[in-house]
Amino acid sequence: MRRKRLLLALLLVPLLLLLGFVVWAETPLGPMPEALAALQSDDRVLVQTEPWLIFRPAAATPEVGFILYPGGRVDPRSYAPLAREIAAAGYLVVIPPMPLNLAVLAPQRAADIMAAYPGIRRWVVGGHSLGGAMAAQFAHDHLQRVAGLVLWAAYPAGNLSLADATLPVLSIYGTEDMGREAIEASRSRLPPHTEWVILPGGNHAQFGWYGPQPGDGLARISREAQQARVVRATLGFLRRLP
């Protein structure tokens, strides 16, 4: 009888841990009301929500596409306001939902998006936090298919280096970001020509509209001000692509 109870306990514990992880992953942060409002089409931007979040300029046919991987356990809709502003400037922007809200489970998702839009001449991949790390992984694996990499409060995984790549790279982070030290330590794993944009007073969570994030630094600028600088830097990078 004791052996049966022990065996049952050994079976139940990993199942309960797995169930707890799934519940945690499937209850992502965000989106805030401002993000939901940005999902409506208007005369500037056309928005689709299936099969991915897709933002297209209403009055232009884009030739450059920007694929944005969401941060870990963040609802992808939380990035809608930024995606909308980038699309309004003439770019296709696609935010793919990830399995269990974790880009690490589908780092190659950008390939499906590229295949769906053969008219796009150049693709830039990027992401926030964990999403940025997985975008760097995709860029590393597909250097011939990617025209640029954009990192929002993100850095390549420790076992990955793009130091010798000719790929244009943009890295943006805030001085109050909870991952600032790791971001700065990643410089040696990125190309020497990487463009660095530091946001005084910016933190990790204000790259999206999903509220505060445990462990993050306290921002000293507003979410609107931080995101305006993120959008401006990202658009400048896209416009300078060779």
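## Exercises on a pocket and a strand

By class, 9 nonpolar, 7 polar and 2 charged residues make up the lining of the largest pocket. The model is predicted: local features need pLDDT of at least 70, side-chain atom pairs count only at pLDDT 80 or more, and totals for chains, interfaces and linings use all residues. Residues are numbered from 1 along each chain as its sequence is written, and side-chain values use heavy atoms, without hydrogens and water.

**Exercise 1.** State which residues are closest to the centre of the largest pocket.

*Solution.* Start with the term: a pocket is an open set of points on a 1 Å grid over the protein atoms alone, where a 1.4 Å probe fits, with protein on both sides within 12 Å along at least five of seven lines; lining residues have an atom within 4 Å of a point. The largest pocket holds about 180 Å³ of space. Of its 18 lining residues, Gly72, Ser129, Met178, His204 and Gln213 are the closest to the centre.

**Exercise 2.** Find the bridge partner of Leu151 in E7.

*Solution.* Strands pair if DSSP finds at least two bridges between them. E6 and strand E7 (residues 169-174) run parallel, joined by 4 bridges. The partner of Leu151 is Ser171.

Methods. Points joined across faces, edges and corners; volume = space filled by probe spheres on them. Nonpolar A, V, L, I, M, F, W, Y, C, P; charged D, E, K, R; others polar. Helix = DSSP H or I, 4+ residues; strand = E, 2+ residues; numbered from the N terminus.
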